[in-house]
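Colleague: I would like to learn how to read a few features of a model. Please give the general idea, then the case at hand.

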Amino acid sequence: MGKAKHLIVISEDAMVYEDLQTLRQLPSFGSIWDKCAFVDRVRSVYPTITYPNHTSMRTGAYCGKHGIINNEQTILGEVSSNWEFFNSSVQVGDIFDAAKQAGMTTAAVFWPVTGKHPNIDYLVDEYWPQTPEETTLECFAASGSSPEVIEKIVKPNMHLVDGMHRKHPQGDLFVNACACAMIREFKPGLLMIHPANIDAYRHQTGIFSTKVTHALHEVDLWLGELLKAVKDAGIENDTDIFIVSDHGQINITRVIAINALLAERGLITVGADGEVADYVAISKSTGLSAQIYLKHPENKADYDKTYAILKEMCDDGLYGFSRVYTAEEVMAEEGLSGKFSFVIETDDYSSFNNDWRRPFVRPATNSDYKFGRATHGHNPDKGPQPTLLAFGPDIKPGVHVARRPIVDEAPTYAKILGVELPDADGKAIDEILI
């Protein structure tokens with residue numbers, strides 16, 4: 001077990017290596033810079049979207065093993081589906097399970113896919129009201145916040161979020177305020193936090209913009225508040241802090257309705273009511289990639305017909321995607337598997353929706369994370385890459401590691417905490433550890 005008694009992981013959604021040039025000049029990041037070790041560029045899992053990556057970041061496993069392959073639940077024939085909010089969807093153990101079994105207290109604020117996690121003592125899940133009638137307090141209670149967390153952590157900060165979906169920066173103010181309160185009140189052994197305003201501003205304005213720079217200044221302010229909370233709690237010298245990220249983004253110019261194209265080719269049948277009545281093959285978007293499902297995947301004729309159509313569309317270069325992976329190829333190359341038969345990868349300027357109706361091509365509207373000026377879901381080797389910096393009693397200052405896969409993060413936390421992650425595909429980043 002490491003020297004630290006506490007571990008805090010802050011995931012700054014969509015923070016990339018290029019942001020470090022700005023962050024190092026700001027007060028809070030500047031104050032820790034010389035103490036830090038770095039993994040300059042972290043390779044995300046595929047698809048490079050938030051929920052699959054955050055599940056890999058806490059399990060050390062690839063998506064095909066942990067089972068979270070999309071932000072949304074895989075419900076076919078819907079334009080938009082509910083998200084994967086709840087831990088019950090995760091198919092392997094994680095760092096919270098391991099820490100709790102070792103007798104540590106655990107906490108999470110807005111870490112994705114942790115709803116009703118049985119081994120998180122102090123939990124505020126990334127969750128929001130699911131109906132107009134549900135209140136914000138009710139939604140947090142429904143997703144696993146204990147009465148103690150509701151009273152001591154959520155209620156005092158309700159003014160920041162009441163009625164929100166996940167607005168920025170208000171939601172991030174709430175996340176940070178709750179995290180600071182948890183540190184002071186509970187001093188958990190493991191705390192994982194997920195603010196997302198850098199991601200939101202990139203979606204709104206593109207990868208690099210004045211607004212994104214403003215987001216970095218906000219992140220620096222919030223880091224300062226967290227560092228003060230650690231000091232106030234009296235655990236400053238006993239805490240390792242990791243500041244990590246899940247994915248980058250790339251700029252896009254259009255959105256493609258793949259299902260409308262499949263319907264034109266007879267693979268989707270639309271009923272008189274305008275809804276999907278039946279299908280041979282149907283797409284589920286993951287932003288800059290999409291997973292193609294067959295109703296009867298064992299039917300070779302359906303498989304061959306769909307594959308031929310997808311390959312023809314890809315070769316034409318008009319329909320927004322540059323590669324068609326078979327399920328076997330994407331598992332071998334990226335550790336991604338599910339009930340889909342194919343995955344299509346963006347042409348680097350097109351995102352995908354789930355609609356089966358015309359028009360085929362639509363503008364980027366920022367109405368959804370998939371449809372902003374920039375977005376993600378693309379192959380992990382594309383675009384700016386997420387980054388990692390860490391400091392504390394178990395960290396070697398000044399070490400730079402060029403690149404590691406994101407599945408190595410959870411095994412690193414496990415090594416610090418002195419616990420095992422038997423389902424992990426990754427390994428500890430020993431180069432940064434004392």
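Modeller: We will go through a helix, some aromatic pairs and a pocket.
Modeller: This is a predicted model, in which local features need pLDDT of at least 70, side-chain atom pairs count only at pLDDT 80 or more, and totals for chains, interfaces and linings use all residues. Residues are numbered from 1 along each chain as its sequence is written, and side-chain values use heavy atoms, with hydrogens and water left out.

Colleague: Which residues of helix α13 are buried?
Modeller: Buried means under 20% relative accessible area, exposed over 50%, and partly exposed in between, with a 1.4 Å probe and protein chains only. Helices (H or I, at least four residues) and strands (E, at least two) are DSSP runs, numbered from the N terminus. In α13 (residues 327–334), A327, V330 and E334 are buried. They lie on the same side of α13 because they cover an arc of only 70° around the axis, taken from the directions from the helix axis to the C-beta atoms. E328 and A332, on the other side, are exposed.

Colleague: What covers the buried residues of α13?
Modeller: The cover includes β2 (37–43), β13 (321–326) and β14 (342–346), with contact meaning heavy atoms within 4.5 Å. After α13 comes G335, with a positive phi near 65°.

Colleague: How many aromatic pairs does the structure hold?
Modeller: A pair of aromatic rings is described by the distance of the centres and the angle of the planes. Rings of Phe, Tyr and Trp (its six-membered ring) pair if their centres lie within 6.5 Å; planes under 30 degrees apart count as stacked, over 60 as edge-to-face and the rest as tilted. The structure holds 17 such pairs. W83 and Y369 are edge-to-face, because their planes are at 75°, with the centres 5.8 Å apart. This pair links distant parts of the chain, 286 residues apart. Y369 is buried, at 12% relative accessible area.

Colleague: What kind of pair do Y303 and F342 form?
Modeller: Their pair is tilted, with 4.7 Å centre to centre and 40° between the planes. Y303 sits in helix α12 (residues 300–316) and F342 in strand β14, 39 residues apart. Y303 is partly exposed at 21%, whereas F342 is buried at 0%.

Colleague: What is the volume of the second largest pocket?
Modeller: Rolling a probe the size of a water molecule over the atoms shows where empty space is left. On a 1 Å grid over the protein atoms alone, a pocket is an open set of points where a 1.4 Å probe fits, with protein on both sides within 12 Å along at least five of seven lines; lining residues have an atom within 4 Å of a point. The second largest pocket has a volume of about 250 Å³, the space filled by probe spheres set on the points, which are joined across faces, edges and corners. Of its 15 lining residues, G67, I69, T74, G338 and K339 are the closest to the centre.
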